Amino acid sequence: MNKSLGTLDTIKPRLRHVDLNLLTVFDTVMRAQSITGAARLLGMSQPAVSNAVSRLKVTFNDELFVRDGRTIQPTARAFELYDVVRDALQMVQNELPEGDFEPLRSKRQFTLCVASPLDSKIMSLVLDAIKHTAPHVQLIFKSSFNEDIERQLRYQEVDFLICYDETIRPGFKKIPLFEDEVVLVTGKEHPGFRSPLTVRDFYHQQHAVVSPECYGSFSLPWYDTLNKQSAIAYQGMAITCVLNVVSQTKMVAVAPRWLVDSVSTDLNLKVFPVPFMKKQLTCYLSWYGSAGQDKGHLWMQNQIAKSCCQ
């Protein structure tokens with residue numbers, strides 16, 4: 001007997017005894033992290049969702065969720081199931097008539113987290129890319145986020161992350177968008193450098209940086225040890241503030257050349273090469289893997305990539 005047919009014969013009777021509507025409830029409870037929130041999203045009563053969760057526990061022979069104050073926390077088994085269930089539901093949704101994504105008619109909303117200073121470079125490019133092809137699609141941009149960003153991507157509270165940090169966690173996808181040259185910047189009060197700057201000389205300067213404590217800090221790659229951080233004389237919350245401080249002092253800073261070029265005349269900045277082998281940063285577009293199977297999500301991904309690669 002054909003082995004694949006034998007496998008199907010084994011699976012089919014088991015599926016007949018499973019209410020597949022429970023999978024939609026499971027997916028929504030995972031994203032809402034609460035019975036009440038899931039009930040609101042599903043348009044169901046809270047007791048009905050609680051009953052569905054109880055049936056899910058029996059089906060999968062696991063608690064799946066444990067109460068934590070007013071919220072519920074998924075078990076390890078629930079996390080294992082989530083990706084599989086999410087992928088399956090998305091594939092089915094794509095094949096339904098309403099699963100097609102029509103940019104010209106869609107009123108869908110996408111949320112993009114764009115790390116500073118990339119927000120000032122990318123926002124207008126993406127908005128211009130869709131203003132004619134998808135005039136009713138809404139984009140929400142956020143430049144402030146924290147370590148919770150991975151959870152937000154997993155549960156699709158955020159659709160995309162654009163930053164210089166490479167997301168390498170299992171289940172996440174990424175593509176490079178472009179590379180930015182980084183340069184050393186000083187103000188008019190700084191005496192400059194008579195010969196090419198060495199790494200040793202670099203860290204003997206007084207530095208202005210985006211605080212390394214800020215999640216996704218632009219400056220962190222150059223100040224990732226306590227010894228390097230001893231060179232820091234000023235910590236700001238944004239690279240634009242850092243450049244303003246540099247323009248009025250003898251401090252130095254590392255910044256993207258495109259940003260420095262846009263403000264160098266107004267701030268009277270001087271530009272020098274950084275004393276490192278790697279003089280470029282790669283900007284990545286990241287998302288959670290299962291989200292990428294959605295036709296609308298895939299369309300938006302392509303729009304971002306095309307607009308940033310022009």
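These notebook entries record what I looked up in a predicted model.

**Conventions.** I number residues from 1 along each chain as its sequence is written, and I use heavy atoms for side-chain values, with hydrogens and water left out. Local features need pLDDT of at least 70 and side-chain atom pairs count only at pLDDT 80 or more, while totals for chains, interfaces and linings use all residues.

**Helix 2.** I took helices (H or I, at least four residues) and strands (E, at least two) as DSSP runs, numbered from the N terminus. The 12 residues of helix 2 (residues 21–32) should span 16 Å at 1.5 Å a residue, and the end C-alpha atoms are 17 Å apart, which agrees. That expected span is 1.5 Å times one less than the number of residues. Just after helix 2, I found Gln 33 with a positive phi of about 60°.

**Salt bridges.** I counted 11 salt bridges, each a side-chain nitrogen of Lys or Arg within 4 Å of a carboxyl oxygen of Asp or Glu. Glu 80 pairs with Arg 77, with the closest N and O atoms 3.4 Å apart. Because they are three residues apart in helix 5, about one helical turn separates Glu 80 and Arg 77.

Arg 257 forms a salt bridge with Glu 181, the closest N and O atoms being 3.0 Å apart. Arg 257 lies in helix 11 (residues 257–267) and Glu 181 in strand 6 (residues 172–186), so the pair ties together parts 76 residues apart in sequence.

I also noted a salt-bridge network that links Asp 148, Arg 151 and Glu 157. Within it, Glu 157 and Arg 151 have their closest N and O atoms 2.9 Å apart.
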